[in-house]
Amino acid sequence: MPNDKISVCFVCLGNICRSPTAEGVMKKLVDDSGLAEGFFIDSAGTGAYHAGEPADARSAAAAKRRGVILTSSARLFVASDFESFDYVVAMDSKNHAHLKRLAAGEAHHRKLSMLRSFDALADGIDVPDPYYDDNFDHVYDICLAGCTGLLAHVVEKHGLPR
Ligand code: 4NP
């Protein structure tokens, strides 16, 4: 992990739908802002069922329609990720509760947040799980709104150029 970079890990359950989408969106946003050099952006899952798999084809297609190529390979989030990352961003309340149990101490807890908490206009706190519901375009929009707010927060907090 390059420790001169601001590091962000998005976390969902399977690491094949929501968190790879958020990872791809965030990479595009920092790229479009000319800030890509200063960031390390990753994603992981609270479950390992899909470890090693690329993003779900339906998530990849929804992202591709917006010009974003998803490049993730699914992996399990491990407790030591709290040491490696500056921001650990959960997609839903269950992921958040799981991560809270893995967090050891105040420093880890401070790194933990939920994606939609950065979207002032969000109509809920969870990014809905699209795996069985097929709402991949909606999930993309939610990730875009959340990541836009997250980037604004990070830019402000770290005094980055806009
Ligand atoms: P994700 O979606 O947590 O957004 O990656 C899911 C992917 C797979 C499963 C559930 C949710 N699954 O049960 O296999």
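A polar contact, as I use the term here, is a pair of N or O atoms within 3.5 Å. I'm working from a predicted model.

**Ligand site**

I started with the ligand and the side chain of His50: one of its N or O atoms sits 2.7 Å from a ligand oxygen. A polar backbone atom of Cys17 is 2.9 Å from a ligand oxygen, and a backbone N or O atom of Asn15 is 3.2 Å from one. On its own the ligand has 360 Å² of accessible area, and the protein covers 89% of that.

Next I listed the shell. The run Cys12, Leu13, Gly14, Asn15, Ile16, Cys17 and Arg18 is in it, along with His50, Asp129, Tyr131 and Tyr132. By class I get six nonpolar residues, three polar and two charged.

**Asn15**

Where does Asn15 sit? I find it in the loop between β1 and α1. Its phi is positive, about 60 degrees, though Asn15 is no glycine. Its relative accessibility is 0%, so I log Asn15 as buried.

**Asp92**

Asp92 belongs to the loop between β3 and α4. Buried or exposed? Asp92 counts as buried, because its relative accessibility is 12% and the cut-off for buried is under 20%. A polar atom of the Asp92 side chain also lies 3.0 Å from the backbone nitrogen of Lys94. Ignoring neighbours within four places in sequence, I have Asp92 in contact with Arg18, Met114, Asp126 and Val127.

**Asp134**

Here is another non-glycine with positive phi: Asp134, near 60 degrees. I place Asp134 in the loop between β4 and α6.

**Helix α6**

I checked the length of α6, residues 136-158. With 23 residues at 1.5 Å each, the helix should span 33 Å, and the end C-alpha atoms are 32 Å apart, so the two agree.

Then I went through its buried residues, among them Phe136, Val139, Tyr140, Ile142, Cys143, Gly146 and Cys147. Further along I noted Gly149, Leu150, Leu151, Val154 and Val155. Why look at the spacing? An α-helix has 3.6 residues a turn, so residues three or four places apart point the same way.

What do the buried residues of α6 pack against? I get β1, α1, β2, α2 and β3. Just past α6, Gly159 has a positive phi of about 60 degrees.

Definitions and conventions: Residues are numbered from 1 along each chain as its sequence is written. This is a predicted model: local features need pLDDT of at least 70, side-chain atom pairs count only at pLDDT 80 or more; totals for chains, interfaces and linings use all residues. Side-chain values use heavy atoms; hydrogens and water are left out. A residue is near a molecule or strand if one of its heavy atoms lies within 4 Å of it. A polar contact is a pair of N or O atoms within 3.5 Å; within protein, one must be able to donate a hydrogen and the other to accept it, and residues adjacent in sequence count only if both atoms are side-chain atoms. Accessible areas come from the Shrake-Rupley method with a 1.4 Å probe; for residues, only the protein chains shown count as cover. Ala, Val, Leu, Ile, Met, Phe, Trp, Tyr, Cys and Pro count as nonpolar, Asp, Glu, Lys and Arg as charged, and the others, Gly among them, as polar. Helices (H or I, at least four residues) and strands (E, at least two) are DSSP runs, numbered from the N terminus. The expected span of a helix is 1.5 Å times one less than its number of residues. Buried means under 20% relative accessible area, exposed over 50%, partly exposed in between (1.4 Å probe, protein chains only). Contact means heavy atoms within 4.5 Å.
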